[in-house]
Amino acid sequence: MSGEIDVSAARRRDVLDALRRGAVPAAGLDLLAVGLDRFERAAAEDIAAVAAGGSVFKAVRGEYGSGKTFFTRWLAERAKKAGLATAEVQISENETPLHKLETVYRRLTERLTTATFPPSALRQVVDGWFYALEEDVLAADDKAGDDAEALDRAVDELVDRRLAEVGRTAPAFAAALRGYRAALAAGDEATAAAVLAWLGGQPHVSASARRSAGVRGDLDHFGALGFLQGLLVVLRDSGFRGLLVVLDEVETLQRVRSDARDKALNALRQLIDEVHSGRFPGLFLVITGTPAFYDGPQGVQRLTPLAQRLATDFTANPKFDNPRAVQLRLAGFTEASLVELGGRVRGLYVAGTSSGAAGRIGDLVDDAYLGELAGAVAGRLGGKVGVAPRLFLKKLVGDVLDRVDQFDDFDPRRDYPLTINSAEMSDLERNAAANRADDIDLDLG
């Protein structure tokens, strides 16, 4: 049996509660990372490069259920520990179309998070930036604090200097920041909140709030790139070492109209080129997609310049894939790796139980049983092991480990006929199970 895992009670509870719900934990993914060790060195190098003022782009490929979301959240955890802010944006035809970068930027600010602040952390970041600027002004002139008006003027001048590069392409970004600060100084919280919303790309901000900040209209596609550049400056000056942005499920653009798809592919090409040009120092941009998106006729291959930028040789044995390549391949789970994952979760669970329950778990939920459970869950999903991890962990924690922990006479082999209800399946899992509408009873005895 896997050894106990040394982790705080709160962290352990959060991870196990998420698994009971069938969700990816918001934190603690390093405790569950199986098969990602081959990416650790390259990921650390990329994060260090971004933290030093560089910029990095990566494309993650994998079939549905291969763990793309888990991988990017694992990467985000590592980025936060290194002092980066993060944002995960789900690309979708209706909510967040990739060809509308102003919408992508808005979702980014809505989901902006740091090691300290949950989404949206935009206000905390901006407030921290102004505080840092005031501290810089006072450090340069310790008498500046004696005159509030002089301090405000000095901070405004420093805003202009810090955002000089951004101002050439997005002058409204600096104007909105000054307008936000002025509204706060005047005690007008409503206007300050409205201006900050406009700065975050939100539409339909009142005309009076925009006038007070000296800005007009809504953010457009091209302005979004300038605002992203400005956000990176604000993050850096606020003490953050960069920003990891994940554009998840980019393959969904294959299902949109051809004109919108071509615009989206070109927007992606533009983003990649801007990252590589050095326009966004401190940006780590990651996209995820299926092999069909990268290789099929309705995806990347429709735009030759984009296909050239993402081209990666995957003809060799997957064990020799290059983690430093622009495109990273996730192989997905096998039954052996699923058992290894189950062992990690079991060890995490045992660390929070009594010695008596730990002994029963060791006897009754051994590796052999984990293999039986993994095989049974995967079997009911058409043998697609890569689709099984979510349900496997949900059943393991909520139906097996919890019962062994609480009931002295519970034996999962004897007392637990695995039941998977169609209602608890995702669309992907339902498809893998051949759209069975009935409950599925399996005897693991």
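This is a short tour of a predicted model, stop by stop. Residues are numbered from 1 along each chain as its sequence is written, and side-chain values use heavy atoms, with hydrogens and water left out. Because the model is predicted, local features need pLDDT of at least 70 and side-chain atom pairs count only at pLDDT 80 or more, while totals for chains, interfaces and linings use all residues.

**Domains**

Start by colouring 35-114 + 242-329 as domain 1, 122-225 as domain 2 and 335-434 as domain 3; these bounds come from an automatic or database domain assignment. The centres of domain 1 and domain 3, taken over C-alpha atoms, are 32 Å apart.

**Largest cavity**

The whole structure has 3 cavities of 30 Å³ or more. A cavity here is a set of points, on a 1 Å grid over the protein atoms alone, where a 1.4 Å probe fits but cannot get out, and lining residues have an atom within 4 Å of a point. A volume is the space filled by probe spheres set on the points, which are joined across faces, edges and corners.

Select Leu101, Val104, Tyr105 and Leu108, which are among the residues lining the largest cavity. This cavity has a volume of about 130 Å³. Its lining takes two or more residues from each of α4 (101-110), α11 (221-237), β3 (243-248) and β4 (283-289). Helices (H or I, at least four residues) and strands (E, at least two) are DSSP runs, numbered from the N terminus. The most, 4 residues, come from α4.

**Second largest cavity**

Next select Phe39, Asp46, Lys58 and Phe284, which are among the lining residues of the second largest cavity. The volume of this cavity is about 80 Å³. With 4 residues, α2 gives the largest share of the lining.

**Salt bridges**

Now show the charged side chains. The structure holds 35 salt bridges, each a side-chain nitrogen of Lys or Arg within 4 Å of a carboxyl oxygen of Asp or Glu.

Go to helix α12 (residues 258-277), where Asp273 and Arg269 lie 4 residues apart, about one turn of the helix. Their side chains meet in a salt bridge (3.0 Å, N to O).

Move to Arg236 and Asp237, whose closest N and O atoms are 3.8 Å apart in a salt bridge. Arg236 is partly exposed at 46% relative accessibility, whereas Asp237 is buried at 18%. Buried means under 20% relative accessible area, exposed over 50% and partly exposed in between (1.4 Å probe, protein chains only).

Finish at Glu95, Arg107, Glu110 and Arg111, a network linked by salt bridges.

Definitions and conventions. On a 1 Å grid over the protein atoms alone, a cavity is a set of points where a 1.4 Å probe fits but cannot get out, and a pocket is an open set with protein on both sides within 12 Å along at least five of seven lines; lining residues have an atom within 4 Å of a point.
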